[in-house]
Amino acid sequence: MSSSTTQKTVLAFSRVTPAMVERLRQDFNVIVPDPSLGDINAQFEEALPHAHGLIGVGRKLGRNSLDSAKHLEVVSSVSVGYDNYDVDYFNERGIMLTNTPDVLTESTADLGFTLIMSSARRVAELDAWTKAGEWKASVGPALFGTDVHGKTLGIVGMGNIGAAVARRGRLGFNMPILYSGNSRKTELEQELGAQFRTLDQLLAEADFVCLVVPLSEKTKHLIGERELKLMKKSAILVNISRGPVVDEVALIEALQNNTIRGAGLDVYEKEPLVESPLFALKNAVTLPHIGSATHETREAMANRALDNLRSALLGERPQDLVNPQVFKG
Ligand code: DGY
């Protein structure tokens with residue numbers, strides 16, 4: 001144990017396993033809020049003024065919440081998305097922010113494709129129907145789904161996860177790929193025959209529209225009433241990015257009125273989603289934000305976040321530094 005690091009304190013507030021806490025304890029004082037000791041939020045607030053590093057996910061962290069964290073050097077988020085953090089404020093304070101890209105790409109793409117398949121083939125709806133003892137005669141057209149193979153897949157936001165969804169569609173299901181976004185991806189155009197479109201064109205042409213953009217001021221409500229009306233009546237919208245990318249009220253209306261065929265959703269404007277008109281809609285598949293929620297991927301994410309945190313607190317440049325301008329090296 002080096003004496004220069006023993007004084008640093010880490011507040012580990014979520015998604016960190018006991019084994020990882022032990023690893024952290026080799027170098028740092030570690031505080032883990034414990035529900036059996038009372039209010040988790042109060043424990044978090046109480047620990048903040050002592051913390052040099054935070055590790056976890058699922059808290060909105062910005063000016064109001066971090067002003068008391070006078071010693072804070074790094075926030076290591078166990079997520080690829082960092083819309084929960086006020087990066088401008090972090091920059092102002094010189095606090096490093098790290099995330100966990102790459103390690104969740106394939107699992108999140110698997111989930112995207114799961115939503116495409118289950119929406120198209122009505123998997124969740126027909127599972128509930130079968131278990132309710134409704135299967136008394138062979139299934140007729142009223143319960144038929146729609147094909148996935150050979151249909152056009154539109155990827156909104158062709159980053160790593162978007163490309164991984166596109167590969168599944170192109171190589172596994174022979175789907176023509178369209179994509180929209182800020183830049184052309186010539187390598188993917190060559191690899192997958194993907195074609196660039198404006199968002200409006202993509203919405204009008206795709207049979208499946210998969211949202212994979214990060215949430216920002218620019219992408220908030222990117223899909224609203226107007227955009228939903230541009231989609232084919234037979235099309236399915238899949239959202240594995242962030243809930244606020246879609247105007248949920250407009251989506252619910254579109255699903256109720258069959259403006260589009262269906263939606264496969266992993267994310268919502270307000271999470272956790274405990275009550276919603278979506279629950280009454282058979283043409284909406286609703287999952288509880290599980291894009292990266294496999295044992296293997298969550299462990300890989302936590303390890304990556306832990307490595308980032310350690311590097312930052314030991315004065316090395318973390319591998320996944322979101323705001324490199326604050327690194328003092
Ligand atoms: C992410 O990492 O951003 C995923 O949505 C899981 O939280």
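Helices (H or I, at least four residues) and strands (E, at least two) are DSSP runs, numbered from the N terminus. Two strands pair if DSSP finds at least two bridges between them. The model is predicted: local features need pLDDT of at least 70, side-chain atom pairs count only at pLDDT 80 or more, and totals for chains, interfaces and linings use all residues. Residue numbers start from 1 along each chain as its sequence is written, and side-chain values use heavy atoms, with hydrogens and water left out.

**Five-stranded sheet**

Five strands make an open, parallel sheet, ordered β2-β1-β3-β4-β5. Its edges are β2 (29-31) and β5 (96-98), each pairing on one side only. Neighbouring strands are turned by 15° against each other on average, direction ignored. Such angles run from 0 to 180 degrees between N-to-C directions, with axes fitted as lines to C-alpha atoms, for helices over the stretch in contact.

Three parallel bridges link β1 (residues 9-12) to β2. Val-10 has Val-30 of β2 as its bridge partner. Helix α13 (residues 295-313) lies across β1, β3 (53-56), β4 (74-77) and β5. Its direction is about 170° to β4. Contact here means heavy atoms within 4.5 Å.

**Seven-stranded sheet**

The other sheet described here is also open and parallel, with seven strands in the order β8-β7-β6-β9-β10-β11-β12. Its edge strands, β8 (195-196) and β12 (284-286), each pair on one side only. Strand β9 (residues 208-211) joins β10 through four parallel bridges.

Helix α6 (residues 105-120) lies across β6 (153-156), β9, β10, β11 (262-265) and β12, at about 150° to β10. Helix α12 lies across β10, β11 and β12, at about 140° to β11.

**Ligand site**

Which residues surround the ligand? They are Arg-15, Ser-79, Val-80, Gly-81, Leu-104, Arg-242, His-289, Ser-292 and Met-301. By class, the shell has three nonpolar, four polar and two charged residues. The classes are these: Ala, Val, Leu, Ile, Met, Phe, Trp, Tyr, Cys and Pro count as nonpolar, Asp, Glu, Lys and Arg as charged, and the others, Gly among them, as polar.

| Residue | Protein atom | Distance to a ligand oxygen |
|---|---|---|
| Val-80 | backbone N or O | 2.7 Å |
| Gly-81 | backbone N or O | 2.9 Å |
| His-289 | polar side-chain atom | 2.8 Å |

The protein covers 90% of the 230 Å² of accessible area that the ligand has on its own. Accessible areas come from the Shrake-Rupley method with a 1.4 Å probe.

Arg-242 sits in the loop between β10 (236-239) and α12 (248-256). Its side chain makes a polar contact of 2.9 Å with that of Asp-83. A polar contact is a pair of N or O atoms within 3.5 Å; within protein, one must be able to donate a hydrogen and the other to accept it, and residues adjacent in sequence count only if both atoms are side-chain atoms. Leaving out residues up to four places away in sequence, Arg-242 touches Gly-81, Asp-83, Leu-215, Val-267 and His-289.

**Backbone exceptions**

Most residues other than glycine have a negative phi, and most peptide bonds are trans. Asp-102, not a glycine, has a positive phi of about 70°. Asp-102 lies in the loop between β5 and α6. A cis peptide bond joins Glu-271 and Pro-272, with omega about -5°. Pro-272 belongs to the loop between β11 and β12.

Key
A residue is near a molecule or strand if one of its heavy atoms lies within 4 Å of it.
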